[in-house]
Amino acid sequence: FIQMLRSAKKRDVLQLLRRAPEEMRPFLVEAAVATQSVASLAALSDFLDFSKEPKSLMEKFLYTAAFSPRPSRELLHLVLDKLDGKQLAPETWETGIIAVGSLVGKLCQQKLCGLQVVERGVETILRGLRGAEGEPEVVIYLLALGNAMLPETIPTLLDHAEDGPTAVTAAATSALQRFPILHISSKVKQVMRRIFHQKRKSYDKTCRLAAAEILLDNHPLPMDVINILLATSEMETETATFLLLKVQNRLRDHHHLARDIMKDIMEDPRINNYNFFSKVGISSSFSGPLTVTQDLISTFGLDLLFLEGGFLRKSVSDFSLLSHGQRLHAAQVTFEAQGMESMMGENLSEGEEEPELMAGMSATFFDVQLRPIVFFQGYTDLMAKVLLSSGEPTSVVKGNLLLMDHHQVIPLQSGLQVTVKLQGGLGLDISADMDVNIWEQELKTSVNARGSLAMDFQAELDSPFLQATLRRQTEVETSIHFDTMLRFSSSPMLMCLQLREEQVPYR
């Protein structure tokens, strides 16, 4: 369909979009964005009216743009024009800002940072961040900076990480975690030390743990590793358990940069002893391979951080791909629940501010952070959701993405030339759900991920006296379901984890 649209005129694409049945429009918008021809982008510009079209179609357009493997300057221009100075639904605006961050980052990876439209995109995010009024607004701009991964924005992220309220600190540190080692300077580490050791103020446990991970994952100094381990003796049982398991995971990982430093430190009996490593919390952290081939390792990781009373504070399920030294977060889904301490009758740590009751979810796919989803905010909202729950899972992302689009002409020594084309598309349907049952004292979370990958390879030799074509098509389908169920009505608390991977047809 993309190949067909590449040769279409603007008039034809526009007519196709306008006359298509409503259920077909999302697919046509995805294809037009993936085509990125001047005609298709001009047709989209005329067709999409952000003030009239349904929100779902707007989000489809913005997410397809965000996932574009090699976006053009015209695509970023179109997104910025559609967002500029218009009264938009909050969800559309949030998705748009996050898409701008992703497009800016990908254009900079193509060495196009100096383009005027890229500078306009960066200025849109930074100006919005400076003028942001509420906490949720600041968080969206910080997530956009995380998608862009521009080294010059690191000082801005550090300021928000150190001085912001809990949600802002969490968003800024998670954005910093995405930067490559090259950009994690001594200044970044200094700020992370102050957050972890709470030098200036008290921080939420999740923010302290994120700061510790940045220190452990980026050429750590032996003293940092020692200080982090020593600090666990003064932490609550669950936080200490979680952090010690993180350290042990890195010791088991043969590719981890800090492994040798940690091994040396573990030879010191003052640190590697029963007193440190016998924490008996129920928090856990582990990762392991799902598939291993010569060229690719796919891994599944799960982090579960609990409160002292046994309630789940944060869970992160991560599906990653490792190939030839490169790491890609194929899918990462995070559930968070905060403010449950007061509901469960727990005491807060000294100096810790009481957070608002909230549960939500955020997700990253193919290194693009999506707009966070809030399940409930505040006690009244929780009760309304419990009483009026539809039982339907929340759709996180659903649609078709063009993952690769390669076209090359190779001259042969004989004087002939071969034309090579490679296209790869991904169909995704990912939904998630969190169900809190106050009466039964149960918490259930579920992530359902279905995907299909199609790849089309064609090599063509065309000369006056010889024609030859080699074609190969590959299709893979898979679905993974991950469920957790916690029952905290009795002690010890009961927990069930289930990961189901269905048969993978490969054609």
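Helix 3 is mostly covered, since 9 of its 11 residues are buried, where buried means under 20% relative accessible area, exposed means over 50% and partly exposed lies in between (1.4 Å probe, protein chains only). Helices (H or I, at least four residues) and strands (E, at least two) are DSSP runs, numbered from the N terminus. This is a predicted model, in which local features need pLDDT of at least 70 and side-chain atom pairs count only at pLDDT 80 or more, while totals for chains, interfaces and linings use all residues. Residues are numbered from 1 along each chain as its sequence is written, and side-chain values use heavy atoms, with hydrogens and water left out.

**Helix 3 and its surroundings**

- The buried residues of helix 3 include Arg25, Leu28, Val29 and Glu30.
- These buried residues pack against helix 1 (2–6), helix 2, helix 4 (38–47), helix 5 (55–66), helix 6 (73–83) and strand 8 (394–411).

- Methionine 24 lies in the loop between helix 2 (10–19) and helix 3 (25–35).
- Methionine 24 counts as partly exposed because its relative accessibility is 35%.
- Together with Phe1, Met4, Leu16 and Phe27, Met24 forms a nonpolar patch on the surface, with about 430 Å² of accessible area in total.
- Patches are made of residues with over 30% relative accessible area and no salt bridge; like charges are joined within 9 Å, and nonpolar side chains (Val, Leu, Ile, Met, Phe, Trp, Tyr) within 5 Å.
- Accessible areas come from the Shrake-Rupley method with a 1.4 Å probe, and for residues only the protein chains shown count as cover.
- A salt bridge is a side-chain nitrogen of Lys or Arg within 4 Å of a carboxyl oxygen of Asp or Glu.

**Threonine 239**

- Threonine 239 belongs to helix 15 (residues 237–252), and it counts as buried because its relative accessibility is 6%.
- Leaving aside residues up to four places away in sequence, threonine 239 touches Lys205, Leu209, Leu305 and Glu308, a contact being heavy atoms within 4.5 Å.

- An open sheet is formed by 5 strands in the order 8-9-10-11-12, with antiparallel pairing; two strands pair if DSSP finds at least two bridges between them.
- Strand 8 and strand 12 (494–501) are the edge strands, each pairing on one side only.
- Strand 2 (residues 297–306) and strand 3 (residues 312–323) run antiparallel and are joined by 10 bridges.
- In the hairpin of strand 2 and strand 3, with 5 residues between the strands, glycine 310 takes a positive phi near 100°.
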